[in-house]
Amino acid sequence: MYSIAIVDDTQTDMLTLKAFIEESPEFDKSTMTISTFNSGLNYLEEMKNNTDVVFIDMQMELMNGFETALELRKINTSAVLCFCSAVVSPQSEHFEVQPYRYILKNSDRDKIRQTVSEVLAEMKRCHQQKTVEIVTEGVSSRVLVNEILYIEKAKHGSRVVLSATSKLYKEGESLVCRQKLSELAEELAGEGFSSPHKSYLVNVRRIIKVANDEILMENESRISVTRSCRENFQHEISKFFSKKYGR
């Protein structure tokens with residue numbers, strides 16, 4: 001059963017979005033439930049641990065959408081997040097909570113319907129996430145692609161750095177595997193990975209901040225963006241977020 005949450009302090013907007021969700025071809029009332037909340041505080045108190053996808057209004061009293069999402073991510077890192085707003089545009093700080101899409105309430109209704117369907121499709125995809133086989137010291141493990149922060153070239157293969165939420169994660173450790181970085185890059189093609197440096201492959205979804213010559217990852221690792229990779233990397237980042245935010 002999929003759990004969908006709508007957090008919005010404007011009743012009309014909440015009901016309108018609920019109708020869009022129920023009209024989506026991706027929605028199945030036999031396997032999906034929709035819960036509504038009129039504040040971020042109410043949502044966090046009741047079901048932050050049990051949400052598969054959450055649509056959050058950016059402009060709410062007491063606790064706005066971004067603040068609500070920050071608290072959500074401390075407990076639930078896997079929920080698909082969609083920000084909704086009539087006036088607020090995506091900001092760089094929003095990378096911290098990894099929203100999947102951004103709905104502008106005054107957009108064309110067909111555009112909103114399309115975005116809602118994309119969010120629901122991503123929710124389903126996350127339940128059937130792709131895994132990649134990592135072989136370390138003769139032991140094969142299946143790692144969820146979205147749990148990989150980045151992969152670094154190593155002497156005899158690659159070093160895979162995982163999210164702290166991964167079942168295989170051990171603080172201060174990483175997985176050293178025999179696969180070459182180029183082999184893993186080929187296997188992860190189309191999964192949101194890009195190379196800011198010839199020795200790195202990063203999960204774009206796990207980037208916190210992007211600067212001209214450096215990126216900051218979730219675990220606070222800083223990775224240089226080299227001159228030779230910068231143009232292609234910036235293009236890949238732009239393409240990813242253009243698709244993500246529907247620009």
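Q: Does Glu220 count as buried or exposed?
A: In this predicted model, local features need pLDDT of at least 70, side-chain atom pairs count only at pLDDT 80 or more, and totals for chains, interfaces and linings use all residues. Residues are numbered from 1 along each chain as its sequence is written, and side-chain values use heavy atoms, with hydrogens and water left out. Buried means under 20% relative accessible area, exposed over 50%, and partly exposed in between (1.4 Å probe, protein chains only). With a relative accessibility of 66%, Glu220 therefore counts as exposed.

Q: What is the phi of Glu220 in the turn of the hairpin of β14 and β15?
A: Strands are DSSP runs of E with at least two residues, and helices are runs of H or I with at least four, numbered from the N terminus. β14 and β15 form a hairpin with 4 residues between them. Most residues other than glycine have a negative phi. Glu220, although not a glycine, has a positive phi of about 75°.

Q: Which residue in β15 stands opposite Glu214?
A: Two strands pair if DSSP finds at least two bridges between them. β14 and β15 pair in the antiparallel sense over 3 bridges. In β15, the residue opposite Glu214 is Ser224.

Q: Through how many residues does a hairpin join β13 to β14?
A: Strand β13 (residues 207-210) runs antiparallel to β14, and 3 bridges join them. Val210 stands opposite Ile215 in β14. The hairpin connects β13 to β14 through 3 residues.

Q: Which strands stand at the edges of the open sheet, each with a single partner strand?
A: The open sheet has 5 strands with parallel pairing, in the order β2-β1-β3-β4-β5. Each edge strand has a single partner, so one side of it is left without a neighbour in the sheet; these strands are β2 (32-37) and β5 (101-104).

Q: Which residue in β5 is the bridge partner of Cys84?
A: Strand β4 (residues 80-85) pairs with β5 in the parallel sense over 4 bridges. The bridge partner of Cys84 in β5 is Ile103.

Q: What is the relative accessible area of Val97?
A: Val97 lies in the loop between β4 and β5. Contact means heavy atoms within 4.5 Å; leaving out residues up to four places away in sequence, Val97 touches Phe66, Ala69, Leu70, Arg73, Leu81 and Phe83. Val97 is buried, and its relative accessible area is 0%.

Q: Does Ser39 count as buried or exposed?
A: Ser39 lies in the loop between β2 and α2. Apart from neighbours within four places in sequence, Ser39 is in contact with Val7 and Met60. Its relative accessibility is 15%, so Ser39 counts as buried.

Q: How are α2 and α3 oriented to each other?
A: Axes are lines fitted to C-alpha atoms, for helices over the stretch in contact, and angles run from 0 to 180 degrees between N-to-C directions. The axes of α2 (residues 40-47) and α3 (residues 65-75) come within 9 Å and cross at roughly 15°. Angles under 35 degrees count as roughly parallel, over 145 as roughly antiparallel, 65 to 115 as roughly perpendicular and the rest as oblique. The two helices, α2 and α3, are therefore roughly parallel.

Q: Which residues in α3 do Gly40, Tyr43 and Leu44 in α2 meet?
A: The helices named here are α2 and α3. Gly40, Tyr43 and Leu44 in α2 meet, in α3, the residues Thr68, Glu71 and Leu72.
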